[in-house]
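Open the model in your viewer and keep the sequence panel beside it. The tour goes from a strand pair to a residue, then out to the sheet and its helices.

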Amino acid sequence: MGNPGLILVIGASGKTGRAVSRALAARGVSVREGRRPDLDLETGHGVAEALDGVDAVYHLAPNMHPDEVSIAHRVATAALDAGVPRFVFHSVLHPDDSTMPHHWRKHLAEQRIRQLLPTSTIVRPAAYHENLLPAALEGRLTVPYSIDSPFTNVALDDVGEAAAVVLTEAGHEGADYDLVGPEVLSVRDMARIATEVLGREVTAETKRVRDWVDGPGAGLTEQVRDDLLAMFASYDKAGLVGESDDLARLLGRPATTWAGVLEKSR
């Protein structure tokens, strides 16, 4: 398969989907957005129509969706039936970590997709630098877990560019890629670097979990809130660290640092 002419990006309206779509557009590839009104991933309605005539699929399920495995089954089955030659699944770093339910659902979705589409490609990004960027620009990083836990956060645009590579270039069939940043940093480290790059003080502190539950978590569904609380507990113990040069190899350049993301935002 050569350079695809049309790629379906399921989840194109979210921040990751937009990053993937931008990277594809930069390569001159047409994108069909996979969150149209006539597409219902929960029932499968409209999935076959969305796949009609596409050369590749980037499947990104709604964040922390409780039915992620069934959604993956529906989309992968439809892709198989349609004869779509290339399928890429957006998973997460350490999907087999059962202490985090949304990671484990990614693990089960990976298994289901690979059963149906053995040549599918799986990308497993770490947490995004951009998740903490707005708070850094405001001068205060506040998180509901230890500010000394280690992370190998990754730049969102790097993930989008890597996704575009595996969607449009040959040689990635059946591969798994851990997409991690080039440095191990704690939130405390990130605040220090932000202070240096931005030229103004950026602080770091741990928010009490109870305050998070009563604040940002109050408007979430019980399932999403519980998933996030499990994630915070895991982060509190061990952070989220990966060791891989997959991202740099896919990009053909070093992955973007936290300082680089900050510089770009100025």
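**Strand β4 and its surroundings**

Select strand β5 (residues 121–125) together with β4: the two run parallel and are joined by 3 bridges. Strands here are DSSP E runs of at least two residues, helices are H or I runs of at least four, and both are numbered from the N terminus. Two strands pair if DSSP finds at least two bridges between them.

This is a predicted model, where local features need pLDDT of at least 70, side-chain atom pairs count only at pLDDT 80 or more, and totals for chains, interfaces and linings use all residues. Residues are numbered from 1 along each chain as its sequence is written, and side-chain values use heavy atoms, leaving out hydrogens and water.

Next, pick H90 in β4 (residues 87–90). Is H90 buried or exposed? H90 has 5% relative accessibility, so it counts as buried (under 20% relative accessible area; exposed is over 50%, partly exposed in between; 1.4 Å probe, protein chains only). Show its contacts (heavy atoms within 4.5 Å). Beyond neighbours within four places in sequence, they include T16, Y58, H59, K106 and Y128.

Zoom out to the sheet. It is open and parallel, with 6 strands in the order β2-β1-β3-β4-β5-β7. β2 (30–33) and β7 (176–179) are the edges; each has a single partner strand, so one side of each lacks a neighbour in the sheet.

Finish with helix α6 (residues 156–168). It lies across β1, β3, β4, β5 and β7, at about 150° to β3. Angles run from 0 to 180 degrees between N-to-C directions, with axes fitted to C-alpha atoms, for helices over the stretch in contact.
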